[in-house]
Amino acid sequence: MPDSWFGVFWERLVLCVLLFVCYVYTFVASLSISLHALGYGENTGTQVLLVFTYVLNIVLVGDFILRFNIASETITGML
């Protein structure tokens, strides 16, 4: 898989998701706690953002599962 087009695409996708998660999750976490009393999370825009963060989590969990399933041995027997 490391030399396949899917492998290259997947690595780039996961890298973009990780960078986006590092940037956006700080705002989501801070605003969801401090502004919850003011109605944060009840309008459509913030609900879409929260659903989008769950989709990003699915990509990261998929990468975790994919890496365990495509592990291959080298000539020396090491993974």
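I take buried to mean under 20% relative accessible area, exposed over 50%, and partly exposed in between (1.4 Å probe, protein chains only).

I am working from a predicted model, where local features need pLDDT of at least 70, side-chain atom pairs count only at pLDDT 80 or more, and totals for chains, interfaces and linings use all residues. Residues are numbered from 1 along each chain as its sequence is written, and side-chain values use heavy atoms, with hydrogens and water left out.

**Core.** I found six residues in it: Trp 10, Val 14, Val 17, Val 21, Leu 56 and Val 59. Helix H1 (5–34) and helix H2 (44–69) each give two or more residues to this core; helices are DSSP runs of H or I, at least four residues, numbered from the N terminus. H1 supplies the largest share, four residues.

**Val 14.** Leaving out residues up to four places away in sequence, I noted that Val 14 touches Leu 60 and Asp 63 (contact means heavy atoms within 4.5 Å).

**Salt bridges.** I counted two salt bridges, each a side-chain nitrogen of Lys or Arg within 4 Å of a carboxyl oxygen of Asp or Glu.

- Glu 11 pairs with Arg 67 at 2.3 Å, N to O. This pair links helix H1 to helix H2, 56 residues apart. Glu 11 is partly exposed at 39%, and Arg 67 is partly exposed at 41%.
- Asp 63 pairs with Arg 67 at 3.4 Å, N to O. Both lie in helix H2, four residues apart, about one turn. Asp 63 is buried, at 11% relative accessibility.

I recorded Glu 11, Asp 63 and Arg 67 as one network, joined by salt bridges that share partners.

Methods. Core = buried A, V, L, I, M, F, W, Y, C linked by side-chain atoms within 4.5 Å.
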